[in-house]
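Dear colleague,

I am passing on the structure we spoke about, with the sequence alongside. Please look through it first, and then read the notes below.

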Amino acid sequence: MRLSDTKPFLAHPFDHNKLKEECGVFGVIGVTDAANFVALGLHALQHRGQEAGGIVAYDAENGFNSARRFGYVRDHFTKKSLMETLPGENAIGHVRYSTAGNKGNTAIRDVQPFFGEFSMGGCAIAHNGNLTNADTLRKELIERGSIFQSSSDSECIIHLMARSLHKNHTNRIKDALSRVEGAFSVVAMTRTKLIGVRDSRGVRPLVLGKIGDGYALSSETCALDIIGAEYVREIEPGEMVVIGPAGIESSFPFERNEPRPCIFEHVYFSRPDSILGGQSVYETRRQIGVELAREAPVEADLVCPVPDSGTPAAIGYSHESGIPYGMGIIRNSYMGRTFIEPSEQIRNMGVRLKLNVNRALIEGKRVILVDDSVVRGTTSRKIKEMILDAGAAEVHFRIASPPTAWPCFYGVDTPEREKLLAATMTAEEMREHLNVKSLKFISIDGLYRATGIKTGRDNAAPKYCDACFTGEYPVEPRDQIAKGFKLAAE
């Protein structure tokens, strides 16, 4: 296998103030130059992981070939010289933001897809999510002789496959995934098959598309659109699909559980032009703004989004409240990743490098800022200061999610609980900390109503994983509990 790498890049100095978008997976089978389609799909999923990306392709003549790169897909997987090293009609890929292992200090060996050579042939695997018993599994596997190459929890799947006694890849994947706990959407590839698996709670998304005579698997529907694939359906929670010469085979090899897909996909993670659970992500976010306007009205002159994730909710808030909508903050779309060593002065400029205030629009006005979330609060304070410095009369924050008070252990890079503003402060204390005229979050019931559940959250049987807001984890984070993490009920 030919593995390639380049030097890591420097991150934005303010990136740590937002929840990171887990990872994205994409795969195609039965199309000429499959790796090119995967590169396009990964480009559409770049918002889910901007740290690194990789592609593994299979060609009958050349076998399995791999390329891994740090940075954006567009900077590497658009080069003819690189893509020519990835021939074949089958390929899978992965974009990464580290949620386990060496966060922020990724080595090229941590970059997926991972590959294993088994007695029945090679198999590549790309995983979106986090395994909550990875530490336990890793310790057990190492004690039994496994040699790990990466710090990623996803590598456990390859080692569990290697230890399985089943005679084909499909059954080995089933066997391996029956041992893991947590959240996983997996796309795997053998010489003749493309395999997609989703955990029994369906925490992380996975969809199926059709392109010509071939098929595609993707984290989101927006990546199907970019390659001209027809959206077929979601892979159901607990489902395994095997796509090969015989067509598509579907099975449900794991214990059935009530689905609990991640509600934050609707708030922030998914692209607004994707379809999630049969619903437009954009429309859900616009409806969040409508609910916010009903729950938390305020007299003001302008509704302004914090771009880009706050835009649909701001539009909904403006429409429902009757307060004019305006682009009071302009995003620098060409910033990319900073290429200079971030000195202290540059760090302090962080938000201003990315966002600039439209002074002519907001001067003298009472401004409602609509954002998707407040995590540490650092960015929110800086944006508020920018708005006031530009002459705004008042600043009111409206947040399109409930307070984020608990860490996620299912594939999202969340700070430790004590670093989450909502874990240590009341809403009023947060308002005082941010020093704004008012601060209101959408209620958990309002968020559920925006997703189409008119009765709000059923506390006895929630339809989503909302642990980051409620502390109610659908899958017990066993490894974290062993390290001393306390559940809400304790």
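How are α4 and α5 oriented to each other? Please bear in mind throughout that this is a predicted model. The axes of helix α4 (residues 155-163) and α5 come within 8 Å and cross at roughly 120°, and because angles of 65 to 115 degrees count as roughly perpendicular and those over 145 as roughly antiparallel, the two helices are oblique to each other. The crossing in which α4 passes α5 is right-handed. On the side of α4, the residues in contact are Ile 157, Leu 160, Met 161 and Ala 162, and they meet His 169, Arg 172, Ile 173, Ala 176 and Leu 177 in α5.

Turning to the strands, there is an open sheet of seven, with antiparallel pairing, in the order β3-β2-β4-β1-β10-β9-β11. Its edges are β3 (63-70) and β11 (230-234), each of which pairs on one side only, and neighbouring strands are turned against each other by 15° on average, with direction ignored.

The partner of Arg 233 is Glu 239, at 2.8 Å from N to O; Glu 239 counts as buried at 1% relative accessibility, whereas Arg 233, at 27%, counts as partly exposed.

Helix α1 (residues 34-44) has as its buried residues Ala 34, Ala 35, Val 38, Ala 39, Gly 41, Leu 42 and Ala 44. These buried residues pack against several elements, among them β1 (23-29), β2 (52-59) and β4 (90-96), and also against the helices α2 (80-83) and α6 (221-226).

Elsewhere, strand β16 (residues 302-305) is covered on both faces, with Leu 302 and Cys 304 buried on one side and Val 303 and Pro 305 buried on the other. In a regular strand the side chains alternate between the two faces of the sheet. Strand β16 is joined by four bridges to strand β19 (residues 366-371), and the two run parallel, with Cys 304 standing opposite Leu 369 in β19.

The structure holds 26 salt bridges, and a few others deserve a look. Arg 478 and Glu 181 form one in which the closest N and O atoms are 2.3 Å apart. Because Arg 478 lies in helix α17 (residues 478-482) and Glu 181 in the loop between α5 (169-177) and β7 (185-189), this pair ties together parts that are 297 residues apart in sequence. Both partners are partly exposed, Arg 478 with a relative accessibility of 36% and Glu 181 with 26%.

Arg 144 and Glu 140 form another salt bridge, with 3.8 Å between the closest N and O atoms; Arg 144 is exposed, with a relative accessible area of 56%, while Glu 140 counts as partly exposed at 22%. Finally, a network of salt bridges links Glu 291, Arg 294, Glu 295, Glu 320 and Arg 449.

Key:
Residues numbered from 1 in each chain as written. Predicted model: local features only at pLDDT ≥ 70, side-chain atom pairs only at ≥ 80, totals over all residues. Heavy atoms only, no water. Pairing = 2+ DSSP bridges. Axes fitted to C-alpha atoms, helices over the stretch in contact; angles between N-to-C directions. Salt bridge = Lys/Arg side-chain N within 4 Å of Asp/Glu carboxyl O. Buried < 20%, exposed > 50% of the residue type's maximum accessible area, 1.4 Å probe, protein only. Parallel < 35°, antiparallel > 145°, perpendicular 65-115°, else oblique. Left-handed = near helix turned anticlockwise from the far one by under 90°. Contact = heavy atoms within 4.5 Å.
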